[in-house]
Amino acid sequence: MDQIIAYFETLDPVLAAFYATLFTWGLTALGAGLVFFFKKMNRMLFDGMLGFTGGVMVAASFWSLLAPGIEMSPGEGFEKTIPAVVGFALGALFIFGLDKILPHLHVNFNTTEKEGIKTPWHKSILLVLAITLHNIPEGLAVGVLFGGAAAGFEGASIAGAVALAIGIGLQNFPEGFAVAMPLRGQGFSRRKSFNYGQLSAIVEPVAAVLGAWAVMTFQPILPYALAFAAGAMIFVVVEEVVPESQQSKYTDVSTLGFIGGFMVMMTLDVGLG
């Protein structure tokens, strides 16, 4: 791990963010690749994975984003929280706006419950777009943290950015699975189900590069950018991940998965960052 961190320290921050999110994209593809080995989805395992995803995102929002964002903010007392509050609200509002505009369908919901503007698009496209909403703030968070670490901000480190990428990669694995397996159940070929599954994470490298570039170009925005990514991730958890994981009889499994995901991400961030 020390060698990995040392390698990323030698890279341009934008390139480092790109490489890190290629890794998270790769784990999404790996999860989607399970469609070649399984004929149907085990619902209990699936709900546990969804819970794990939510736990990782919540832990990352605090340990990797909000806490360092507040630490590096100027001022004292309530004044020190202003960038976190403003950025958090803007991040949540950004995903809220996308949620209302972008046509999508949550994994465990019926086609009558699709959201966004009305469209004749096939269910497969709507499923991919739903997971894509998850991945925008995740890629942005990695890029912002790499940019902040390279700019020398206290509280942001390459090790922390690597830890965040690992945590997001771990929870991307079930997300790829979450798209590919339902599509296979609808009669899609294994190859087409896999392609759709991995495609859902293609936005992460794009968002990461934009996040790193923005922070390096406009350094004072870093505390706001970290909180922005955190607000976007928390909105996704509350709006999408938690409801999706509570649609069957395995709610206890998804809850335990959430706890496990939180502990894993917390351990990674504190241990490495």
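## Overall make-up

Helices, here, are DSSP runs of H or I with at least four residues, and strands are runs of E with at least two, both numbered from the N terminus. Counted in this way, the protein chain of this predicted model has ten helices and zero strands. Read along the sequence, the pattern is accordingly α-α-α-α-α-α-α-α-α-α. The radius of gyration of the protein chain is 18 Å, close to the 19 Å that the globule rule gives for 273 residues, so the chain is as compact as a globular protein of that length. Taken along the principal axes, the C-alpha atoms fill a box of roughly 55 × 40 × 35 Å.

## Annotated transmembrane regions

An unreviewed UniProt entry carries the annotation "transmembrane region" for residues 16–38, 50–70, 82–103, 124–149, 155–173, 194–215, 221–238 and 250–268. Two of these spans can be described in the model. Residues 82–103 are 91% helix and 0% strand, with the end C-alpha atoms 33 Å apart, while residues 250–268 are 95% helix and 0% strand, with the end C-alpha atoms 27 Å apart.

## Helix 2 against helix 8

Two packed helices are described by the angle between their axes and the distance between those axes. Helix 2 (residues 13–32) packs with helix 8 (residues 203–217) at an angle of about 155°, and their axes are 8 Å apart. Because angles over 145 degrees count as roughly antiparallel, helix 2 is roughly antiparallel to helix 8. The crossing of helix 2 with helix 8 is right-handed.

On the side of helix 2, the contact is formed by P13, V14, A17, F18, T21, L22, T24 and W25, and on the side of helix 8 by E204, P205, A208, V209, A212, W213 and M216. Sorted by class, the residues of this contact comprise twelve nonpolar, two polar and one charged.

## Helix 2 against helix 7

Helix 2 also packs with helix 7 (residues 190–199), at an angle of about 150° and with the axes 8 Å apart. Helix 2 and helix 7 are therefore roughly antiparallel to each other, and their crossing is right-handed.

Here W25, T28, A29 and A32 of helix 2 meet F194, G197 and Q198 of helix 7. The contact of helix 2 with helix 7 holds four nonpolar and three polar residues, with no charged residues. W25 of helix 2 is listed in the contact with helix 8 and also in the contact with helix 7.

Conventions: Residues are numbered from 1 along each chain as its sequence is written. This is a predicted model: local features need pLDDT of at least 70, side-chain atom pairs count only at pLDDT 80 or more; totals for chains, interfaces and linings use all residues. Side-chain values use heavy atoms; hydrogens and water are left out. UniProt positions are given in the numbering used here, feature names are shortened, and annotations may be inferred rather than shown by experiment. Axes are lines fitted to C-alpha atoms, for helices over the stretch in contact, and angles run from 0 to 180 degrees between N-to-C directions. Angles under 35 degrees count as roughly parallel, over 145 as roughly antiparallel, 65 to 115 as roughly perpendicular and the rest as oblique. A crossing is left-handed if the near helix is turned anticlockwise from the far one by less than a right angle, and right-handed if clockwise. Contact means heavy atoms within 4.5 Å. Ala, Val, Leu, Ile, Met, Phe, Trp, Tyr, Cys and Pro count as nonpolar, Asp, Glu, Lys and Arg as charged, and the others, Gly among them, as polar. The radius of gyration is taken over C-alpha atoms; the globule rule is 2.2 Å times the number of residues to the power 0.38.
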